[in-house]
Amino acid sequence: MHLQEHGLVSERRACRATGQPRSTQRYPQHPVNDEARRLTDLKRLSAKHPRFGSPRIGDLLRREGWDVNHKRVERLWRREGLASAATAAKAASALHVNHVWTYDFVMDRTEDGRWLKLLTVVDEYTRECLAIEVARSLTARDVIGVLARLFGERGAPKYVRSDNGPEFIAAAVRRWLTAAGSATLFIAPGSPWENAYIESFNGKLPD
């Protein structure tokens, strides 16, 4: 409030007496900018729902109480370089070695009837099988272990493509890949043709 407007004392004298900068009297305070929090929520929802585009993410933001229209969501979406996994997966075709890796699981049984799980990793450009990890059980931590070894040997690919299995979309795997410099590509559920290279390799593997 400007004290001088009430004829009590000049602004200069009042600010000098209270030790208050005059600039705080001349410029009204603005509410805290919540753009950063919007952006944090946008990225969180995008990571949680990799198949969703900006319209559906916008709906989720509004359900959480944000007053944002579709244009603002789209602006933030584009500014941050976000894309739904379906769009990214179709756009990313391997152009050179270490551009796109793809990985998946194959299930088999030993003679005693117990399950075996095989994690296969293939470079889409060369069609080379980079790893076949075999165990009774393979978790997200095991996936990270295999990738860490391969990244150390060959460097990090630009993209890693997979289906939406829990071992692949686990937050720990996504965080690790992001920290290592690789982006994730997820194929649509029930659409193995979007991951044709690994499907072809895994189809021949039992032979």
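The structure is a predicted model, in which local features need pLDDT of at least 70, side-chain atom pairs count only at pLDDT 80 or more, and totals for chains, interfaces and linings use all residues. Residues are numbered from 1 along each chain as its sequence is written, and side-chain values use heavy atoms, with hydrogens and water left out.

Glu124 lies in the loop between β2 (115-123) and β3 (129-135); strands are DSSP runs of E of at least two residues and helices runs of H or I of at least four, numbered from the N terminus. With a relative accessible area of 4%, Glu124 is buried (buried means under 20%, exposed over 50%, partly exposed in between; 1.4 Å probe, protein chains only).

Two aromatic pairs are found in the whole structure. Rings of Phe, Tyr and Trp (its six-membered ring) pair if their centres lie within 6.5 Å; planes under 30 degrees apart count as stacked, over 60 as edge-to-face and the rest as tilted. The rings of Trp101 and Phe151, with centres 5.4 Å apart and planes at 75°, are therefore edge-to-face. This pair links strand β1 (residues 100-109) to helix α7 (residues 140-154). Phe151 also forms a tilted pair with Trp176, at 5.0 Å and 45°. Phe151 is buried, at 10% relative accessible area, whereas Trp176 is partly exposed, at 24%.
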